[in-house]
Amino acid sequence: QIQLVESGGGLVQPGGSLELTCLASGNIVSVNPLGWYRQAPGKPLNLVAEVTGDDRTSYGDDVKGRLTISRDNAKNRVYLQMSSLKPEDTAVYYCHYNNFGDDYWGRGTQVTVSS
């Protein structure tokens with residue numbers, strides 16, 4: 001079985017920083033993509049960032065330059081470093097794994113950006 005567990009969310013002021021961590025377990029194929037999605041209140045689920053096994057990255061709208069995704073295959077972890085946070089970044093953040101076309105999701109971690 002494949003399981004994903006997120007951590008690192010919390011309350012932060014606008015302009016602040018956080019780092020999210022996703023720990024993956026099970027038969028993780030290191031070359032397969034890992035990513036982060038988020039869902040703000042009343043809005044659909046959207047891609048934040050994705051990273052391949054050879055560290056190629058892609059990002060969603062309005063996050064480039066502020067959010068950075070990375071992975072550590074030896075530790076089965078994927079990270080999302082967040083800086084210059086805005087209230088619009090408030091959402092539940094979900095870790096995602098694509099296994100040859102099959103999707104796996106974590107339970108999510110809440111990020112709230114507010115003064």
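By class, six nonpolar, three polar and five charged residues line the largest pocket. The model is predicted. Its structure holds one disulfide, and a search of the whole structure finds two aromatic pairs. The points below start with the pocket.

**The largest pocket**

- The volume of the largest pocket is about 260 Å³.
- Strands β4 (34-39) and β5 (46-51) are the elements that give two or more residues to its lining.
- β5 gives the most, with three residues.
- In total, 14 residues line the largest pocket.
- Arg38, Lys43, Asn46, Asp61 and Glu88 are the lining residues that lie nearest its centre.

**The disulfide**

- Cys22 is joined to Cys95 by a disulfide, with an S to S distance of 2.1 Å.
- Cys22 sits in strand β3 and Cys95 in strand β9 (residues 91-99), so the bond ties together parts that are 73 residues apart in sequence.
- The torsion about the S-S bond of Cys22 and Cys95 is about -85 degrees, so this disulfide is left-handed.
- Cys22 and Cys95 are both buried.

**Aromatic pairs**

- Tyr37 and Trp105 make an edge-to-face pair.
- Their ring centres are 5.1 Å apart, and there are 70 degrees between the planes. Why is that edge-to-face? Because planes over 60 degrees apart count as edge-to-face.
- This pair links distant parts of the chain. Tyr37 is in strand β4, Trp105 is in strand β10 (residues 102-105), and the two are 68 residues apart.
- Tyr37 has 18% relative accessibility, so it counts as buried.
- Trp105 has 38% relative accessibility, so it counts as partly exposed.
- Tyr97 and Tyr104 form a tilted pair, because their planes lie at 40 degrees. The centres of these two rings are 6.3 Å apart.
- Tyr97 is buried, with a relative accessible area of 0%.
- Tyr104 counts as partly exposed, at 28% relative accessibility.

**Positive phi angles**

- Most residues other than glycine have a negative phi. Two exceptions follow.
- Asp62 is not a glycine, yet its phi is positive, at about 65 degrees.
- Asp62 is found in the loop between β6 (57-59) and β7 (67-72).
- Is Asp62 buried or partly exposed? Asp62 is partly exposed, with a relative accessible area of 49%. The cut-off for exposed is over 50%.
- Asp62 and Glu88 are 26 residues apart in sequence. In space, they are 9.8 Å apart, C-alpha to C-alpha.
- Phe100 is a residue other than glycine, and its phi is also positive, near 50 degrees.
- Phe100 is placed in the loop between β9 and β10.
- Phe100 is exposed, with a relative accessible area of 66%.

**Thr21, a buried strand residue**

- Thr21 belongs to strand β3 (residues 18-25).
- Its relative accessible area is 17%, so Thr21 is buried. Buried means under 20%.
- Which residues does Thr21 touch, not counting those up to four places away in sequence? They are Val5, Glu6, Ser7, Trp36, Arg77, Val78 and Tyr79.

**Arg66, a buried loop residue**

- Arg66 is located in the loop between β6 and β7.
- Arg66 is buried, with a relative accessible area of 11%.
- Leaving out residues up to four places away in sequence, Arg66 touches Gln81, Met82, Ser83, Ser84, Leu85, Lys86 and Asp89.
- Where does Pro41 lie relative to Arg66? The two are 25 residues apart in sequence and 21 Å apart in space, C-alpha to C-alpha.

Notes: Residues are numbered from 1 along each chain as its sequence is written. This is a predicted model: local features need pLDDT of at least 70, side-chain atom pairs count only at pLDDT 80 or more; totals for chains, interfaces and linings use all residues. Side-chain values use heavy atoms; hydrogens and water are left out. On a 1 Å grid over the protein atoms alone, a cavity is a set of points where a 1.4 Å probe fits but cannot get out, and a pocket is an open set with protein on both sides within 12 Å along at least five of seven lines; lining residues have an atom within 4 Å of a point. Grid points are joined across faces, edges and corners, and a volume is the space filled by probe spheres set on the points. Helices (H or I, at least four residues) and strands (E, at least two) are DSSP runs, numbered from the N terminus. Ala, Val, Leu, Ile, Met, Phe, Trp, Tyr, Cys and Pro count as nonpolar, Asp, Glu, Lys and Arg as charged, and the others, Gly among them, as polar. Buried means under 20% relative accessible area, exposed over 50%, partly exposed in between (1.4 Å probe, protein chains only). Contact means heavy atoms within 4.5 Å. A disulfide is a pair of cysteine sulfur atoms within 2.5 Å. Rings of Phe, Tyr and Trp (its six-membered ring) pair if their centres lie within 6.5 Å; planes under 30 degrees apart count as stacked, over 60 as edge-to-face and the rest as tilted.
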